[in-house]
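Visitor: I am new to this model. Please pick one chain, look at it closely, and then show me where it meets its partner.

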Amino acid sequence: MFKNINVGTRLAVLVVTFVVILLVLGAFTLIQTNAISKAIDSITSDHIVAILDLTTLQASMLELDGTGKSHFLAISDAEITQLDQKVQTQRADIQTQITNLGAVMSDTFEVSNYSNLKVSWQKFVTAQDQVFALLRQKNTADAQTLTKGDLASQFNSALQFADDLTKHNQDQSDLVNKDAADLTGRTIPISLAIIIAVALVLVISIAWWLIRSITQPMQQLLVGVTKIAGGDLTYRINNTSKDEFGALSQAFNKMGQNLQDLVETEQGTRAYIENMVTSYMRFVGKVSVGDLTERVQLDNNNNSSATSHDLHELGANLNGMVEGLSDLAKRIREVTLGVSSSSAEILAATTQQNASATEQDTTVTQTITTVEEVRQTVRQTAERAQAVADASRQSVQVSRAGEKAVIETIEGMKAIRERVESIAETILVLSGRTQQIGDIIAAVNEIADQSKLLALNAGIEAARAGEEGKGFAVVAMEVRQLAEQSRQATARVRGILNEIQQATNKAVMVTEEGSKGAETGMQLVERAGDSIRELAATIEEAAQAATQIAASTHQQISGMDQLSTAITSIKQATAQTAASTKQAERSAKDLNDLASQMEKAVSRYRL
Amino acid sequence: MRVFDHFSAEELAILRSRAARIAVPLHIAEPEESVTILLVKINAEQYGLPMDGISAVYEDVQITPVPNVPEAALGIANIRGRIVFVLDLGSVLGLPTRRQENENLPVIVLTSALELAFQVNSVEGIETIPKAALTNNFPHLALTRKAFLEGISSDGKAVLNLNAILDNLVANNHSITA
């Protein structure tokens, strides 16, 4: 029933309860204070005044009684008159006091006694006047009798009424005082205690309810917040109250649901991102090892989140990047191939050029040396040309002697040819003999075989002859061994004959070649004779030419000097060229290496 | 021309001394019983035929086949005017034969009254073996008919028992000798 009351109202209820309790306590205290005040007023303004008035009245009456009794002692009239006046004054005062006393008479007892007091007073005044009258008459005896009789009776009666009234007022005052004392000493503390106890119970109950109605949902909320903080987003608070905590619980549940939805969405997004990132990483891994044929599978689903869009754009950009990289690598590969080819050609050309330059340098060096040698040679030639000219003349004579010797040589060669032909014929005869020896050896071989068989049969016969045939058996075995040796010897002879036949054939061919060689030699000697004759003529011309050469070689020497200078310049230029070529070769080699490296670097990409 | 004419006097002296040395009996003091055998080869194995049963050895013998005879009978041959029946000794002994076409193999004529000759793969020579050296322990020999064997020498030559072989031939096949 309190769940639908909001917290402000609950606090207001607590405050109002406090205020009501305070008001009740104040009213109660005020009422009790008024009662005490009334009691005090009743005592002070009623009973105490009445007692004082009654006491004053009794004193005045006692004084009047004394004054009246003074009449019995008056001796003169003047004194009586004075006493009469005094009595009259006193009577007036007493009457005034009695009249005033009537104002404080409240209850019936007081009114009754007051009436009796006034009656007794009137009767006392009357009896006193009578006494006075008797005294004036000098009737003292009657006066005394009356005084002691009626007057005294009326006076005592009046005093008695006054005493009763005083006593009544004292009793009333005591009663009121006692009531007040009861009120202050017992009723008020008990009442206050009860009221405070009731108020305490009420306040504690309300406060307990209030605290419980606040702490319980707070505890639920605390548990819920702790669960959510611990990651349990499915926790919900079951609080359907209409107060602030109900609203807070609903808000908490909504927050939990929102958080759960958010986390589920985030988890989905994270899984999607992880999936895509894994795909991209695999793709990037393949690209990193050079596989440029790989493309990212772009996600075309309807996930239109910003992350999906970004990842899609990233994948598209990666594809574009790899596409560009692939094109670039293709172009680099083409260019590299071109560069590689060109650099190889350049390298080959420079290598060749270098080799040529080196060769050229060597050649030039050799040429310089040669030129120097030629110069020396020319100098020597110049010196020897003269000697040649002289020698040529001697050569003419020698050539003539040579011509004669050639004719003799031709004759000798003819004789050699005839001898060689004779040797060839002899060797052919020898070859035929060798063949005959082979036939004889075959016959000997056959004889050896038959001897072996005969020896065997002789052995058999010897064995059959028994003890007597033993010696023959040994001979037969010896014969058999000899036959075996004969076979071996004939085999060796056959081998030697084969070698002889081969040598003979070779000798026949050599003699044939010798015969041909002798013929050729004869022809050559004849040609040599012709040559010698021509040589003699040439030598004569050479002698003349040598003389001319001697003259021209002097000119050649100066020409060779110029040539040497020119070739030295060429050598310097060649050396520079060789250096440049080597530099170019190194550059071409570097370029070729670079092209190879680039080709290798590009070749790792699969396009 | 005599046989020894091509030797010089020195060579002849050497031959004579060698012949004298070989001709000396080895065991004069203790003549022991021995058997002289003709060593022949059948396939790769060496067999010895007792010399007292052999008449002669011939080569280049023309053998004429005879129909309707057992496989071991190669045919008949005319040897020095004698018509003899030529048997393949390997087949007679029950050994597998390995014969090539037109192979000129030696033929051993026996002294038997049956006019028989054995053809073998080759004739190795004559050898005398002490009978005491013959054993009957021949675990590695291909010949399984132990009755045909006289014994085995210490160097593995199987000495055949010609009488047992001839008795077996007569007992098993009269057509050969008929």
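Guide: Start with helix H1 of chain B, residues 9–23. Of the 15 residues of H1(B), zero are buried, so this helix lies largely in the open. Buried means that 20 or more other C-beta atoms lie within 10 Å of the residue's own; exposed means 12 or fewer, partly exposed is in between, and C-beta atoms are placed from the backbone. From first C-alpha to last, H1(B) reaches 21 Å, close to the 21 Å expected at 1.5 Å a residue. That expected span is 1.5 Å times one less than the number of residues.

A word on the ground rules. This is a predicted model: local features need pLDDT of at least 70, side-chain atom pairs count only at pLDDT 80 or more, and totals for chains, interfaces and linings use all residues. Residues are numbered from 1 along each chain as its sequence is written, while chains are lettered from A and ligands numbered from 1 in the order in which they are written.

Now the whole of chain B. It has four helices and eleven strands. Both are DSSP runs numbered from the N terminus: helices are H or I with at least four residues, strands are E with at least two. Of the 178 residues in chain B, 26% are buried. Take the contacts in chain B with a separation of 6 or more: residues 24 or more positions apart account for 54% of them. A contact means that the C-beta atoms of two residues, placed from the backbone, lie within 7 Å.

Next, strand S8 of chain B, residues 116–119. Both of its faces are covered. B:Leu116 and B:Phe118 are buried on one side, B:Ala117 and B:Gln119 on the other. S8(B) pairs with S6(B), residues 82–88, in the parallel sense over four bridges. Two strands count as paired if DSSP finds at least two bridges between them. In that pairing, B:Val86 stands opposite B:Ala117. S8(B) also runs antiparallel to S7(B), residues 107–110, and three bridges join them. Here B:Val107 stands opposite B:Gln119. S7(B) and S8(B) form a hairpin, with five residues between them. In the turn, B:Glu115 has a positive phi of about 55°.

Neighbours within four places in sequence aside, B:Leu166 is in contact with B:Ser112 and B:Leu114. It has 18 other C-beta atoms within 10 Å, which means that it is partly exposed.

Chain B also holds an open sheet. Five strands form it in the order S9-S1-S2-S11-S10, and the pairing is mixed. S9 (122–130) and S10 (149–152) stand at the edges, each with a single partner strand, so one side of each is left without a neighbour in the sheet. From one strand to the next, the twist averages 30°. Axes here are lines fitted to C-alpha atoms, for helices over the stretch in contact, and angles run from 0 to 180 degrees between N-to-C directions. B:Gly151 has B:Val159 in S11(B) as its bridge partner.

Now to the partner, chain A. Its secondary structure comes to seven helices and zero strands. Of its 607 residues, 18% count as buried. Twelve residues of chain A are in contact with 13 residues of chain B. On the chain A side, helices H6 (306–465) and H7 (470–603) are the elements that give two or more residues. H6(A) gives the largest share, seven residues. By class, this side has seven nonpolar, three polar and two charged residues. Ala, Val, Leu, Ile, Met, Phe, Trp, Tyr, Cys and Pro count as nonpolar; Asp, Glu, Lys and Arg count as charged; the others, Gly among them, are polar.
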